[in-house]
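Subject: Structure for your review

Dear colleague,

Please find the structure below, together with its sequence.

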Amino acid sequence: MTFSGFQRKDGGVGIRNHVAVISVMDNTNPMVRQICYDNSMLVPVCATFGRGSMGDDVIVHKRILTGLGTNPNVHSVLVCGIESTSVDDIAETIARSGREVETCVIQRDGGTLGATARGKKIVSSFCLEASSESRTACSLNELVLGLECGGSDGTSGIAGNPVTGLVSDYVVASGGTTVLSETVELLGAEHILKKRAVNEKVAEELVAKVNWCAEYALSLGCDLIGSNPVPDNIEGGISTIEEKSLGAVKKAGSSVLQEVVEYGEKPSRKGFVFMDGPAPAIENMTGLAAAGVQAIVFYTGKGNHSGNPLVPVIKCCGNPETLKIMRENIDMDLSRVMSGELDLKSASEELIRLMISVLEGKLTCAEVLGQGEIAISRYAMTV
């Protein structure tokens, strides 16, 4: 099976052709939104923080913003900030991907009014260039698919996550890459993925990431075993964190685990990959987008409407009560699996067909409703 996409100079394939306007720090977010106002081709990438960070926060902030700027779905980039040093640092890194990149600096370009005017002129040119590009035929071996879940309930482990796992196996068998994340969601089930690691080094890296989560929480006086699942999960029928994790790993199918990467780090190997990332959906999907996924399959039981501004999120749900309340937020109804009308294999084939149509330009519910947002994880206080 093939799909049509946009070929990038760095070898990636985009399924969208966005012009991204990136704010390198929170105080330029309003200007970025003004530049993007009333132009559907422009995507404002506005993160909180960005100044006064230390240690890992500096590294992660840059990795995520440059990763978003080099996501395959991005055609060109305008990088905005209040001063030149931080702007140029991000812009120069993105430019190495071969993308056209320009900068907009408030202190250099005439304050917010002058910088906004300059920015609008630049992105107008980018949009004209992007609109002239055509899709070409691509193989599924060029797909990097993110795997996500949120608002888990009893239907997650029974229907949604197993169906997602079959889709993951299909992509991997086609030569593509799938990325599972949400490290804390493996707690109590990490031994399952450990057995599937390609070698002992990868197995040890995976277990170390899971153990760090549990130990860090304990250092803050929080026992993840006692505080998770959260009330929303319990209401949905999940009784223990192990039960929740056993359902969550179903998203990974049965493929060999090839690699463990950091939050927002692009995989270096094809096949099934694990990214060390947080459980909250927007933070985690931001990391997946920075890691280069072109699309995300997201199963929700109790209901989660979240999307990503650069990457289409295919939302699936098998809980009939949630579907009644949030039907406009759901792309695929998997309640038929719960009722016995559809088996897992047939449901996965239907989801694959939907995925291909999204790869070729069909909009997801989150895209139509404008539900894209980003958030970058932080590890320390700002000074």
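Helix H1 (residues 29-36) and helix H4 (residues 111-131) have axes that come within 9 Å and cross at roughly 40°. Here helices are DSSP runs of H or I with at least four residues, strands are runs of E with at least two, and both are numbered from the N terminus. The axes are lines fitted to C-alpha atoms, for helices over the stretch in contact, with angles from 0 to 180 degrees between N-to-C directions. H1 and H4 are therefore oblique to each other (under 35 degrees counts as roughly parallel, over 145 as roughly antiparallel, 65 to 115 as roughly perpendicular and the rest as oblique). Met31, Gln34 and Ile35 of H1 make the contact with Thr112, Ala115, Thr116, Gly119, Lys120 and Val123 of H4, where contact means heavy atoms within 4.5 Å.

This is a predicted model, in which local features need pLDDT of at least 70 and side-chain atom pairs count only at pLDDT 80 or more, while totals for chains, interfaces and linings use all residues. Residues are numbered from 1 along each chain as its sequence is written, and side-chain values use heavy atoms, with hydrogens and water left out.

On a 1 Å grid over the protein atoms alone, a cavity is a set of points where a 1.4 Å probe fits but cannot get out, whereas a pocket is an open set with protein on both sides within 12 Å along at least five of seven lines; lining residues have an atom within 4 Å of a point. Points are joined across faces, edges and corners, and a volume is the space filled by probe spheres set on them.

The second largest pocket has a volume of about 550 Å³. Strand S4 (42-46) and helix H15 (365-369) are the elements that give two or more residues to its lining, and S4 gives the most, with 4 residues. Of the 22 lining residues, Val43, Pro44, Pro309, Gly370 and Gly372 lie nearest the centre of this pocket.

How many cavities of 30 Å³ or more are there? The count comes to 1. The largest cavity holds about 30 Å³ of space, and its lining consists of His305, Val313, Lys315, Asn329, Asp331, Cys365, Ala366, Leu369 and Gln371.
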